[in-house]
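Subject: Structure for your review

Dear colleague,

Please find below the structure that I am handing over to you. My findings follow it.

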Amino acid sequence: MSEPQFTEQDWRRLLLALGEDPDRAGLQDTPARISKAWKHWTSGYAQDPAELLKAFEDGAEEYNELIVVRGIPVYSHCEHHLAPFFGKATIGYLPNGKIVGLSKLTRLVDCFAKRLQVQERLTIQIANALMTHLEPKAAGVVIRCRHMCMESRGIRTPGEETVTSAMLGELQPNLALRTEFLALAREA
Ligand SMILES: [Zn+2]
């Protein structure tokens, strides 16, 4: 069974519904461009986090401290308006013998961000995927994003960020660990 695909005709209809003339010079290639762009913006559905985190690196048996990566770019679209939301993620985990490369964490964020999302779910999905596939002692995720659907409509002040967090494993009962992670996750 083949997946339903948007055709360029669908995007032409959207342009018409917006009151535009899809045949004017500036818009002639727009339906093809939108199709291509949305394929990219929703490419996360085809990615498997288990596959992404399978190729962990050994050699962290003696390492018992938090690993925190800050500034991971987040580009997503809200499922309520299909409007962009974007910002940065901080991921921390307390390894249990397994570590992953920085590029894997960036790709893990992308795998869930390149779907229609709400920021809260994006945050917990990343944390859950780490716990399930990397099996660390703890995993924490903090995401700060600007939401175009809110800013552009005057619901939020431009530049205002929405902050979400998820703390799993030992980060839940261990207040000292939690405090350390949040201090490391705080923007300098
Ligand atoms: Zn929205």
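At what angle do helix 1 and helix 2 pack, and how far apart are their axes? In this predicted model, helix 1 (residues 8-17) and helix 2 (residues 30-41) pack at an angle of about 115°, and their axes are 8 Å apart. The two helices are therefore roughly perpendicular to each other. Their crossing is right-handed. On the side of helix 1, the residues involved are Glu8, Trp11, Arg12 and Leu15, and they meet Thr30, Pro31, Ala32, Ile34 and Ser35 of helix 2. By type, the residues of this contact comprise five nonpolar, two polar and two charged.

The loop between helix 1 and helix 2 contains Arg24. The C-alpha atom of Arg24 is separated by 44 Å from that of Val142, a residue 118 places away along the chain.

Overall architecture

The protein has seven helices and five strands. Along the sequence, these elements follow the pattern α-α-α-β-β-α-β-α-β-α-β-α. Taken along the principal axes, the C-alpha atoms fill a box of roughly 65 × 45 × 25 Å. Of the 188 residues, 26% count as buried. Among contacts between residues at least 6 apart in sequence, 69% join residues at least 24 apart.

Helix 4 and helix 5

A second pair of helices deserves a description. The axes of helix 4 (residues 102-113) and helix 5 (residues 119-134) come within 10 Å and cross at roughly 135°. That angle makes helix 4 oblique to helix 5. The crossing of this pair is right-handed. Helix 4 contributes Leu108, Val109, Phe112 and Ala113 to the contact, while helix 5 contributes Leu122, Gln125, Ile126 and Ala129. Seven residues of this contact are nonpolar, one is polar and none is charged.

The nonpolar core

Which residues have the most contacts inside the largest nonpolar core? They are Val109, Ile126 and Val141, in a core of 32 residues. At least two residues of this core come from each of strand 1 (67-78), strand 2 (84-94), helix 4, helix 5, strand 4 (138-147) and helix 7 (175-185). Val109 and Ile126 also belong to the contact between helix 4 and helix 5. Leaving aside neighbours within four places in sequence, Val141 is in contact with Ala89, Ile91, Thr123, Ile126, Ala127, Ser165 and Ala166.

Phe181 is found in helix 7. Is this residue buried or exposed? Phe181 is buried, since 25 other C-beta atoms lie within 10 Å. Beyond its neighbours within four places in sequence, Phe181 is in contact with Leu66, Val68, Gly92, Gly140 and Leu171. Between the C-alpha atoms of Phe181 and Gly97, which are 84 residues apart along the chain, the separation is 19 Å.

Pro49 lies in helix 3 (residues 49-52). This proline is also buried, with 21 other C-beta atoms within 10 Å. Not counting residues up to four places away in sequence, Pro49 touches Leu108, Cys111, Ala129 and His133. Of these, Leu108 and Ala129 are also part of the contact between helix 4 and helix 5.

Most residues other than glycine have a negative phi.

- Leu82 is placed in the loop between strand 1 and strand 2. Its phi is near 55°, a positive value in a residue other than glycine. Leu82 counts as exposed, having 11 C-beta neighbours inside 10 Å.
- Glu135 is found in the loop between helix 5 and strand 4. Its phi is near 50°, again positive in a residue other than glycine. With 16 C-beta neighbours inside 10 Å, Glu135 counts as partly exposed.

Yours sincerely

Conventions:
Residues numbered from 1 in each chain as written. Predicted model: local features only at pLDDT ≥ 70, side-chain atom pairs only at ≥ 80, totals over all residues. Axes fitted to C-alpha atoms, helices over the stretch in contact; angles between N-to-C directions. Helix = DSSP H or I, 4+ residues; strand = E, 2+ residues; numbered from the N terminus. Parallel < 35°, antiparallel > 145°, perpendicular 65-115°, else oblique. Left-handed = near helix turned anticlockwise from the far one by under 90°. Contact = placed C-beta atoms within 7 Å. Nonpolar A, V, L, I, M, F, W, Y, C, P; charged D, E, K, R; others polar. Core = buried A, V, L, I, M, F, W, Y, C linked by C-beta atoms within 7 Å. Buried ≥ 20, exposed ≤ 12 C-beta atoms within 10 Å, placed from the backbone.
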